Amino acid sequence: MRLSPTDWRNLTLSALALAFVACLPWLVGNYGLSIGVTIVMYTVLATSWALFSGPTHYISLATAAFFGVGTYVTGIGIEYLPYWTLLPLAGVIGAVLAALVGLATLRLSGVYFVIFTLGLAEFIRQVITWGQNVSGAKGIYVLTSITEAHIYWQLLGLAALVYLLGWAIGRSRLGFALRIIGDDEQVARHSGIHTARAKILLFLVPGSVAAITGAILAPRYVYIEPSLAFTPMLSFQVVIMALLGGTGRLWGPLVGVIPFTFLWEGISITVPNQTTLLLGVSFLVIVYLLPKGFVGLFGAIRRRMGSEGLV
Amino acid sequence: MKRRTFAQIAALALATGFAAVPASAQDTLKVGAVAPKTGPLAGGAAVSYWPNVKLWVETVNARGGLNVDGKQMMLEVIEYDDQTNPGETIKAVQRLVEQDQADIILPPYSTGLNLASAPIYHRYGIPMITSTATTDKADELSAQFPNVFISLGGAQPIALGAVEVLTELRDRGDIGNKVAIVNVADAFGIELANVAKPAFADAGFELVYESSYPLGSQDLSPVMKAVKSADPDAFVAFSYPPDTFALTEQAQIEDLQVGAFYTAVATAFPSYAGRFGESIEGVLGIGGVNADDEAFQTYAARHEEVTGAKPDYWASAMVYSTFEVLEQSIEAVGLDNAAIIEHIKANAFDTVIGTLDFDENNNNPSFWTVGQWQDGVFKGVASTGREGAVDVVVKGPWK
């Protein structure tokens, strides 16, 4: 793979930006850091979600399923294994689960996939509950000395990996194939692209990344039980944030996550009694006013300025 | 235009969110409270938690505020909704400490959310006197987080309390030896059932039926039909709020005739009595209070007067008692968190549930385990050392 000067410039700028945000724990207080953790967590989840759902147009609501599995990998594993082995392990388990789901559903299209992924989180939650019923164990305690700053840095590292991976996929044959599938699956198939295999391969990314994210965040929750680990809200929030940013560009979800986190924070502070209502309203506003997200908005502004001779 | 309007609204929301809370007069203390107002646990918090926050602040302010180092300070509440999401609980606690600079922070609601935020309370050194968390690991928790106190007890004594009450009824000759046990297949239900089943067997009971049903089951009539056909003398359900109601209703439809009928969480709720009226005479459940105690009666009357709703007969009074512990400790030693924690460890407190005295593991060893509806009041019949238990009575036919 040969890199152009623009690529080198972008890589350098990204590395500098990463170095800067890595200093956050020293720049802001604990509250600022907890917002930072929220932003990086949703950036990782929404970006990996958009890597798959952006080109293929398959709306996946399985984020909570993979995330929950990841938290349980840490929750159960921390008693028996060193911590550093748990994150790759969560990634592998997430990928295997994603492959199984992909094999079962990605040959189907559209709404079947959405429904299946929504049901998946509930299904795994019930399996774990059944396991608890049989074993008699209740919630799991994750008592570690891992601090919020450690969690933040791990998430940042994961975010860097996700961006690198997305960038590499975008330049690869797989990325090209996926764009064709997204435009017209029939055409892709007739061009000789193995569409099912391409989709399953790509679906491993959000599955694995969400599981690792869950594994990283488990120590923050201290106490893990199915209803908290598999909350369906998570899947919906990731979709909303990714759509707000726009899935057309790699950086799209990021520009959705940041304003949405602050908007959500503002809503929680000012009207704590109507958070869910306002979340629904903001979702409607986003869908109606920004159907292509901020990415689409920026594109439109640039085009308009271009036509007026400003750029 | 529309886009701009949206941007303006968003900007406004952000601006208001981040604007500092108006500078308050010096003689006001900010009290932070974080608990569910939405999500799965919002219903329970609306019964047991939020009304007590309101009642406590109004009560303290009505008597002229809190005496801090000789100065009367009025209380002002900042409430946040954590959406039953531990990540939000953690964030809201940090926001209370760092942005709002709250002087007092109350513990959150439920076992999961209390434990999830324990490290944050611990890092800030805030005394965390939990009142809605049940755990059998109080010793481990207090070793890791010495600022955390547990007052509501654990699953083990609660389940054993049920066994003890049924054993007493049997030994008196009021009921026979056959017991049917069902449980909701979720955390607390599973834990209770796993303690109770072997304990019933050890006590010489015959388990004629045992089963579990998934959380959120809509139709429990098959469960109750199976229970009825097993012809038990006593029925025990380690249930959650929706199924506590559903099982009671099905038992009345099937006309299950047992001398002891036990349902778990929410049996002590006023809405349970509101729903079934006098027909629940003799029903047993988790919790209970010393209903004849004057302190409790005054509390219950004030609760109804200030919040417009009756307290429940399990966690409500416990929640309020822990606020009283905090109140008394602050008046004794001021706002120094470390001193407050030491004070709580070293002293016993006179509260609406009676004396509250934490042991060396920061655990309240004496709490109500089983209550029974008698004459429209859910009275405590078994506890781990509380005063005022009444005799358990055998349940008659459904009215």
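What share of the contacts in chain B with a separation of 6 or more comes from residues 24 or more positions apart? In this predicted model, such residues account for 68% of those contacts.

**View 1. Chain B as a whole, with its helices, strands and overall dimensions.** Chain B contains 14 helices and 15 strands, and its C-alpha atoms fill a box of roughly 65 × 60 × 40 Å along the principal axes. Because a compact globule with 399 residues would have a radius of gyration near 21 Å, the value of 22 Å for chain B agrees with that expectation. Of the 399 residues, 59% count as buried, while the accessible surface of the chain comes to about 14700 Å², with 51% of it belonging to carbon and sulfur atoms.

View 2. In soluble globular proteins, nonpolar side chains tend to be buried together. When neighbours within four places in sequence are left aside, the contacts of Phe66(A) include Leu97(A), Leu120(A), Phe203(A) and Pro206(A).

**View 3. A nonpolar patch on the surface of chain A.** Leu18(A), Phe20(A), Val21(A), Leu27(A) and Val28(A) form this patch, and together they have about 430 Å² of accessible area. Helix 1 of chain A, residues 5-22, gives the largest share, three residues. Val28(A) sits in the loop between helix 2 (24-27) and helix 3 (30-56) of chain A, and it counts as partly exposed because its relative accessibility is 33%.

**View 4. A salt bridge between two helices of chain A.** The closest N and O atoms of Asp7(A) and Arg171(A) are 3.0 Å apart in this salt bridge. Asp7(A) belongs to helix 1 and Arg171(A) to helix 7 (residues 148-171) of chain A, so the pair ties together parts that are 164 residues apart in sequence. Asp7(A) is buried, with a relative accessible area of 13%, whereas Arg171(A), at 35%, counts as partly exposed.

**View 5. A network of salt bridges that includes residues of chains A and B.** Glu265(A), Glu88(B), Lys91(B) and Arg95(B) are linked in this network.

View 6. Gln83(B) lies in the loop between strand 3 (71-81) and helix 4 (86-98) of chain B, and it counts as buried because its relative accessibility is 13%, under the 20% limit. Not counting residues up to four places away in sequence, Gln83(B) touches residues including Trp264(A), Ser268(A) and Thr275(A), as well as Pro36(B) and Glu88(B). Ala35(B), found in strand 1 (residues 28-35) of chain B, is buried with a relative accessible area of 0%.

Methods:
Residues are numbered from 1 along each chain as its sequence is written. Chains are lettered from A and ligands numbered from 1 in the order in which they are written. This is a predicted model: local features need pLDDT of at least 70, side-chain atom pairs count only at pLDDT 80 or more; totals for chains, interfaces and linings use all residues. Side-chain values use heavy atoms; hydrogens and water are left out. Helices (H or I, at least four residues) and strands (E, at least two) are DSSP runs, numbered from the N terminus. Buried means under 20% relative accessible area, exposed over 50%, partly exposed in between (1.4 Å probe, protein chains only). Contact means heavy atoms within 4.5 Å. Patches are made of residues with over 30% relative accessible area and no salt bridge: like charges are joined within 9 Å, nonpolar side chains (Val, Leu, Ile, Met, Phe, Trp, Tyr) within 5 Å. Accessible areas come from the Shrake-Rupley method with a 1.4 Å probe; for residues, only the protein chains shown count as cover. A salt bridge is a side-chain nitrogen of Lys or Arg within 4 Å of a carboxyl oxygen of Asp or Glu. The radius of gyration is taken over C-alpha atoms; the globule rule is 2.2 Å times the number of residues to the power 0.38.
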